[in-house]
Structure formats: C-alpha cells, structure tokens
Amino acid sequence: MKRRHLLGAALVLLLAACGSDGGEAPQHPGVRSDFDGDGYGDLVVSDTTATVHGKYAAGYAAVLRGSAQGPRLKGAQVVTQDGLGLGKAGEGGGFGGSSSSLSADLDGDGRADFVTQAGRSTVFVVWGSDKGLSGAARLKGSAPLAGDVDGDGHADLVVTSGQNAVRILLGPLDRDGTPRRTVPLDLTPSDSKYPAAVPAALGDLTGDGKDDLLVTWAALVDEAPQSLATVLYRGAADGKPVKGPRLKDEQGGDFHGQVLRTADVNKDGYADVVAALGCDVLLGDPNPPRGGSRVGVLYGGPTGPSERIKPVRITERTAGLPVQGPFSFCSFGGRPAVGDVDGDGYADVVFSAEVEKGTKRELLVLRGSGEGLTLKGARALPGTSAVLLDTDGDRAAELVVEEAGEVRVVRSGAPTRTFTAADLDLGPDISGSGRGFGPVG
C-alpha cells in the first residue's frame, strides 16, 4: 500500500471493518480496526509531540496494516492534519492523541473509520476504504465517543459541545460528516456538589442492544475535572439516553475512576465497567484515594449495574498479584486497557504499576472468567502502557506495549517484535525525538 500523508497527529489504534465505498464488499466482515477490509486489524501508532511542517506538537498517526504475521512496518500510511485538506495544523494541536481518538464504522460501509480530536474543539473523521484511510470530514466538538446509542445497528458519535452538554450524531454519517440526525443532551449534575459532568465511556450494560452512556460527575481542581461519581444514561430508541442510576461500589460508595473502560469480563452478555483510580487530586495535590490506589469492576445487568454480582476492587494490597509491592506513589492502576488476550471470549484487563524503588513500570494482565475478573493466571511484563488488538487474525488480542518510545508487539507463540519511530518512513516533513511514540487504542 502506498504511504499517504493525510495531515494528522500522533496516534495508535485498531479499527474494525468490512464493507466497501462503491466497490466490492470486503470478504471479512466485522474485524476490529480493519480500515481496508482485508480481514486483519490495523495498528495505529502516533506521536503527538512530533513536529509536522515546522509546527511543534502538531502530531501524526501512522497506520501499520495487519497480516498473518502481525502489523507490517513496511508501507505504513502516515496521517497528518495538514494532509486532510481541511485546515492547517497549529502548534500543540495534538491531532491523534490517545485520550481523544477512537475507531468506528460511522458511514456504514463496513470498514472502520478513524476519529480523532485536534485542538480544543475540532474532531476529524478519516474514512476507511479498500486502500486504507482516504478522505475526511471536520466536525465541531471534543472528546469523541462512539457506540450504537439507539440500537439500530449503526454506529453513533457522541461529542462534547459545551459545559455539561453533548451532541449525539446518529449514524450513518455522510462523507461530509452530516449525521442522520443530531440529538442534544444536557448532562448538568443534579447534585450541586459537582459542577462538571464529563462523558466517559459507552457500553451496553443493560444488554438490550443499545449502548449506554457513562458520565463522570467531577469537582474542578485548577480547572481540570476530578472524577468523584459515575451516572449511567441508558441508551434509547430515539437516540436520547435517559438518566439512570448513580453507580455504587462494593462498599456502597460512589463507583468512579480517572479512566473508565467497558467490556464483557464475565461473558454474560452485559458490558462491565472497569474503573482505574490511581490518585485523587481534591485539595490541589495528588494523593492516593481513600482505601488505596485501585482498579474496580462493576458488572452489568438488566437495569444497568448487576443485582446478582457485586462490584470488585483490586488494590495494591490484594493477594495474588503477579507483581509484589510496595508500589510507587499513585502508580497502581495506570492506563487501563481491555480486550481478549487469550481468545477465550472473556475480556481481560491490563493496567500499569511501578514497584517502589524500581526503575520501570510493570503491566499487570488480569484475566476475565465466568466468575468475573480473576487473579488466577495473572501475569506481568515490563511496559508503561498497552493496547490490546488482534492484528494477525487469530481472534486473540496482541499486547502492543509502549515503553520509553519503543513499541513491542507480543504475540502468542511468536517472537516479540520491537520497533521505534525511526523504523518507519515518516517522510521529510515530520521530525521529533520519538519519545512520545506509542500505540493508541
């Protein structure tokens, strides 16, 4: 595949796909992160600190096509904001940042599309095609999330549109970014103690075929939201989620985290919520939360939170961890990711922690099971963060690990592959130290 410069910023991702945009339909429907419909997930790597056309931290994203041997370094497709033809990138635009990028089939052609934010209020959708990413649309908004909110089988896009407000762009979207319909939603907290509401994740907790919106209620510390509670908005057929319960942890307190992920950990047909809470920053200084840094799992059920299975909490002191503490200050539970590492149909959970007096972070891999998240078979490997993606078509997600600007692809039964930004042909218009290089997903 010829390398393309599609103006962009740093990012790494896998997307899903099958279908076509006018040609023959792909032969491998439903493969996650497959931009070109060849049946293999594609890996996106990025560096938001990279200089592009002289603009510092404009960022780029490079798509590495999947294959039976995993992602291919040769012929990476390089995407930059400048290359999209929809406005020039500015310094610090951060196109493709990991916290504001995702993949979804927004136009309904069966191929994954790449969605990313640049600056404070611009979202780009870069369309999948049989040749990879091609063409783009520019939308107003920030912090995109994707899922099927109305249950019609088409992916919808949720973007923040102002303080405590979102717009839900119901799919499919036209190639100019026009949605089938737009639904505004006011998220202002009903509890006056919380001035901010932040859309955090989408997932079908209730198992009714409609994705539910998880909203964080937060305090503001130095103008940054600090999560303190989570409220569920149930997906609805008219595309306007309905406010539901405030989620509670196993002790009856507010279930919340700095980062929320959704996946079916116990394979019962209901999405579960994984919340990572390494630190609280409530008085201006970071401190471990009450009860210690942790990763929590709240299990889904017909009304949202399961009435059958209690939430669980994994802390620094939990027995059976594959790495023994004590852990460094506020490091336990960093950068959580979810995916099926062993191909058994249960979602697994990966997060980072740094052993006290250690020099490197460890990634802890905890397995999903019929009983929920378990420490049986837990393992650890060096790394700062990881993305879980199936790039070789074996139906098990590879661990794509980042550490100090180096990316390692860990595949079961195959040698680990390691590469850096210097191993990619990024072209003469992109430069930088490569220290921000890594996968996004």
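Biologist: How many salt bridges does a search of the whole structure find?
Modeller: In this predicted model, searching the whole structure turns up 18 salt bridges.

Biologist: Which residue does aspartate 249 form a salt bridge with?
Modeller: Aspartate 249 pairs with arginine 313, and their closest N and O atoms are 3.2 Å apart. Aspartate 249 sits in the loop between β16 (242-246) and β17 (259-263), while arginine 313 belongs to strand β22 (residues 312-315), so the pair ties together parts that are 64 residues apart in sequence.

Biologist: And are those two buried or exposed?
Modeller: Both aspartate 249 and arginine 313 are buried.

Biologist: What about aspartate 152, which salt bridge does that one form?
Modeller: Aspartate 152 forms a salt bridge with arginine 180, with 3.0 Å between the closest N and O atoms. Aspartate 152 counts as partly exposed because its relative accessibility is 34%, and arginine 180, at 44%, counts as partly exposed too.

Biologist: Changing topic, which residues have the most contacts inside the largest nonpolar core?
Modeller: That core has 22 residues, and those with the most contacts inside it are Val45, Tyr60, Leu64, Phe419, Leu424 and Phe437. Its largest share, three residues, comes from β3.

Biologist: What does leucine 64 touch?
Modeller: Leaving aside residues up to four places away in sequence, the contacts of leucine 64 include Val45, Pro71, Phe419 and Leu424.

Biologist: Last one: how much space lies in the second largest pocket?
Modeller: The second largest pocket holds about 240 Å³ of space. Of the 14 residues lining this pocket, Asp254, His256, Asp280, Arg290 and Arg294 are the closest to its centre, and by class the lining has five nonpolar, three polar and six charged residues.

How values were computed
Residues are numbered from 1 along each chain as its sequence is written. This is a predicted model: local features need pLDDT of at least 70, side-chain atom pairs count only at pLDDT 80 or more; totals for chains, interfaces and linings use all residues. Side-chain values use heavy atoms; hydrogens and water are left out. A nonpolar core is a set of buried Ala, Val, Leu, Ile, Met, Phe, Trp, Tyr and Cys residues joined through side-chain atoms within 4.5 Å. Buried means under 20% relative accessible area, exposed over 50%, partly exposed in between (1.4 Å probe, protein chains only). Helices (H or I, at least four residues) and strands (E, at least two) are DSSP runs, numbered from the N terminus. Contact means heavy atoms within 4.5 Å. On a 1 Å grid over the protein atoms alone, a cavity is a set of points where a 1.4 Å probe fits but cannot get out, and a pocket is an open set with protein on both sides within 12 Å along at least five of seven lines; lining residues have an atom within 4 Å of a point. Grid points are joined across faces, edges and corners, and a volume is the space filled by probe spheres set on the points. Ala, Val, Leu, Ile, Met, Phe, Trp, Tyr, Cys and Pro count as nonpolar, Asp, Glu, Lys and Arg as charged, and the others, Gly among them, as polar. A salt bridge is a side-chain nitrogen of Lys or Arg within 4 Å of a carboxyl oxygen of Asp or Glu.
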